[in-house]
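I opened a new page for this chain. My notes follow the order in which I looked things up.

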Amino acid sequence: MTSITRRLFSITSRVRSESLLPFDPSTPIPAQLLPRVLYRQIEQRISNRSRSGKRPEVVSLPNPFLLHRGAQRADFESSDEARYNWRQPSISNRRQKQLLQYYSGADLPASKLNPQALTREVQWTDGTIIRWEGEVKIKEEAKKGVHAGRKRMFKGHRDERDKPQKEADRQGRLDGMEKRIAEWKKSKADEKARNRPSLPF
């Protein structure tokens, strides 16, 4: 086991076992059973909040697995829509994959790698309940093709852009082809009759 993997284990160096510990998603998970990296983040944020006053019974913390919106950008006036700075997840996707290998997805916060998680609450050592903020946004299945994921189509070559109109014109000519052939034959017959001499010799 590498040193990085050791740091991901809980402070008790135990991984929750379904056979040993009953699983109830409605009850908070004890903080001692969390991965060490999550325990340290909660501990740091709880200590920062406790300095400002009495610690509340329920604390909401940003989900370290998700992207979070920060303050509004200074250049928002130049655009029609409001623009914001975004904070990257404090735990990378690589670390999340490692955590999911050693811990149950039901005990970890929800993420794109673990979208089915119920975002189970955490019970801190002093009884404080920790709730994770943030929602997992699942993207729709990407469309396949050259124009997949693009707001504006490619300009394309001139022949490609004119192809639909050419096909429509061609089909219009084919639809009236029999009538034009009959008119052409009639005009040729009339011209031949006019050019025929009136005398028999």
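I began with terms: helices (H or I, at least four residues) and strands (E, at least two) are DSSP runs, numbered from the N terminus. By that rule I placed asparagine 93 in helix α3, residues 93-102.

The model is predicted, so I noted its limits: local features need pLDDT of at least 70, side-chain atom pairs count only at pLDDT 80 or more, and totals for chains, interfaces and linings use all residues. Residues are numbered from 1 along each chain as its sequence is written, and side-chain values use heavy atoms, with hydrogens and water left out.

**Entry: asparagine 93.** The cut-offs are under 20% for buried, over 50% for exposed and in between for partly exposed, with a 1.4 Å probe and protein chains only. I also looked up phenylalanine 65, which lies 28 residues away from asparagine 93 along the chain. Their C-alpha atoms are 7.8 Å apart.

**Entry: the whole chain.** I listed five helices and six strands. From the N terminus the order reads α-β-α-β-β-β-α-β-β-α-α. The chain has 201 residues, and 22% of them are buried. Next I looked up contacts, meaning heavy atoms within 4.5 Å. Of those with a separation of 6 or more, 60% join residues 24 or more positions apart.

**Entry: the sheet.** Two strands pair if DSSP finds at least two bridges between them. I traced an open sheet of four strands in the order β1-β5-β6-β2, with mixed pairing. Its edges are β1 (29-30) and β2 (58-62); each has a single partner strand, so one side of each lacks a neighbour in the sheet.

I then went through the pairs.
- β1 runs parallel to β5 (residues 122-123), over two bridges. Isoleucine 29 has valine 122 of β5 as its bridge partner.
- β5 and β6 are antiparallel, also joined by two bridges. Here valine 122 partners isoleucine 130 in β6.
- β2 and β6 are parallel, with five bridges. Proline 62 sits opposite glutamate 133 of β6.

The hairpin of β5 and β6 has five residues between the strands. There, glycine 127 takes a positive phi near 95 degrees.

**Entry: the core.** I took a nonpolar core as a set of buried Ala, Val, Leu, Ile, Met, Phe, Trp, Tyr and Cys residues joined through side-chain atoms within 4.5 Å. Which residues of the largest one touch the most other members? Leu38, Ile42, Val122 and Ile130 do, out of 20 residues. Two or more residues each come from α2 (36-52), β2 and β6 (129-133). The largest share is that of α2, with five residues. I followed isoleucine 42 further. Apart from neighbours within four places in sequence, isoleucine 42 contacts Leu34, Leu61, Val122, Trp124, Ile130 and Trp132.

**Entry: the largest pocket.** On a 1 Å grid over the protein atoms alone, a pocket is an open set of points where a 1.4 Å probe fits, with protein on both sides within 12 Å along at least five of seven lines; lining residues have an atom within 4 Å of a point. I noted about 520 Å³ of space in the largest pocket. Its lining has 19 residues, with Leu66, Leu67, His68, Glu135 and Lys137 closest to the centre. β3 (68-72) and β4 (84-87) are the elements that give two or more residues to this lining.

Notes:
Points joined across faces, edges and corners; volume = space filled by probe spheres on them.
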